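Please look through the structure below with its aromatic side chains in mind.

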Amino acid sequence: YHHQYHHRDNNTILRQNSSISDGSNNSDDNSNSNPKSEYRVEIYVPSLAAQTMPLFLDYIYGIATLKPTTSTAPPLRYLSNRFDVRELHREISLRFIPRDLELNTAPRYCMLADELKDFEMRDGAIRIMAERFERMNNLKLLRGMSPKLMRSLVQCERLECGSEMLSEKVAMYLRMRDDRDEVVGRDRSEENEVVVPLTDEDYYWLTHCAHMPKISPKEALFYLNYGTRYPQVMNEIGSGSLKSRCLAACSDTHVLDELTNHLENNNGNAINATATAHRDNPTMVELYDNLEPKMKIQLLESSLVGARKSMADKERECGSRNERDRDVELSDRMMYERNGKKEGSSKVVVLGCGVASANGLYLQRGGGNKNNNHISGNKSDPGQYSNNGSSSNPRTTTTNNNNNIVTYEKEAVWNRRHVTFLLYPATSGKYYTQYKLAVVIRQQQQQQQQGNTNNGNKNPTSSSSRRRVLYNSPTVMGTNNGNVIPESAWEVEEFGDSDDSDDDDDDATEKGGGLHPPPQFVGRVDVPGATTTTSTRNGNLKRSA
């Protein structure tokens, strides 16, 4: 048979057959019995699939070897499915596309699949872009995506991209759309170049606070200028509105410096000085000049409030830093004083942990008695020290039969309070040993006297203490290595462990365990004359004081 296929109206394939007549054709010319009469079958397919029809026919008739590409794979997949060519469908869907579909080709697959209404491929390409969107550097690949597809991308539940980074990428997409509109407007010969208009709804969802709670300070003025085209979006009120988020972003120090320089040099020198660095895009001051007067007033008012908050934050940060420095200075003074009184004691040095006051030398508790003392059992450490009694007071010590297990302590000041940092082992039978670094916080409590009290004092003051674990060492199998303190790979205690149930303390640092980073080095420092010595045979190196 001799077949002829040609396009009609961009989406119709006209098939002519010169040797077979089809009585079902509605044409009166084909109603006779002349075997040489022609018949026509019109097959409607998308324009993109019609353009790939010659390549599809070459495969059907074995004229040429199939060499699919990123641009031809989606229409070939459509045609093979439409005409039930299963071998071709398997070749495209199971072999070529899984190898070719990646971050740089996903936008092209997404646009072609959407045009062919291949929703499975379209959604798969969107997922790939969403999972790696923060790493997509070549944003020109998104230039041809319709607002509907871009909305699906930014609203995808698998989107992995920070809020400010996302605002920069969406702003770049909007700029490319405007450039594309200008190119298509100048060149009317490109009939296939159709730019779908961006509606208020599209702009609302592209910049929604659910996936873009913070706007990048670099793009805040751009969104305010671009939003003048979409008054319904910019007229919204509330902290989650686009205008409020942009005004908050304009309080950034960089934006304030740009605007301040522009206002101080109103003769245009500020614009000329920065225009050379940003010739492709308008500068911040140029975007500011293009704003409406009412928006300028709101921007300056918001910047003033933001600057005041920034100054208050810096003052608080400076005050906190000074307090931390004072705590560390007092802690070091206490450490040097105690170290001078116990020259012969075994010591442990802790370096590099997030709690600055916890760094330094820890002295062995009890001054190196023959039966070394250590901290009592912990409710969170099952079977820690059995048969020796325990107490909820972390300062209570018990004597362990294993003379090699010792506890180290360091008096210090933390958060303007006198505390004791403890380094002690937590064992569980014969299975493992783990060291913990904890802090003991002494508290003064007012107790209501019941009935008559001595000396007529109705509100005597009593002292209590509370312990919180800050850091944990890696576990060491067995208890024979109890003297081996792991030097590295310590971890932060995410949930602070306490010896009592009183959690009314408002200090968030204590409730959250330790502060990052964990100790970078923990090592024993053995000095001549110390009562507790170690040997290299047990895995510890001797160190001089």
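The charged end of Lys 169 sits over the ring of Phe 133, at 5.5 Å from the ring centre, where "over" requires NZ of Lys or CZ of Arg within 6 Å of the centre and within 35 degrees of the ring normal. Arg 175 likewise lies over the face of Phe 222, 4.2 Å from the centre of that ring. The model is predicted, with local features needing pLDDT of at least 70 and side-chain atom pairs counting only at pLDDT 80 or more, while totals for chains, interfaces and linings use all residues. Residues are numbered from 1 along each chain as its sequence is written, and side-chain values use heavy atoms, leaving out hydrogens and water.

Phe 222 also takes part in ring pairs (centres within 6.5 Å; planes under 30 degrees apart are stacked, over 60 edge-to-face, the rest tilted). With Tyr 223, the centres are 5.7 Å apart and the planes at 70°, so this pair is edge-to-face; with Tyr 226, the pair is tilted, at 5.4 Å and 35°. Phe 222 counts as buried because its relative accessibility is 8%, buried meaning under 20% relative accessible area with a 1.4 Å probe, protein chains only. Tyr 203, Phe 222, Tyr 223, Tyr 226 and Tyr 230 make up one aromatic cluster.

Conventions. Rings of Phe, Tyr and Trp (its six-membered ring) pair if their centres lie within 6.5 Å; planes under 30 degrees apart count as stacked, over 60 as edge-to-face and the rest as tilted. Buried means under 20% relative accessible area, exposed over 50%, partly exposed in between (1.4 Å probe, protein chains only).
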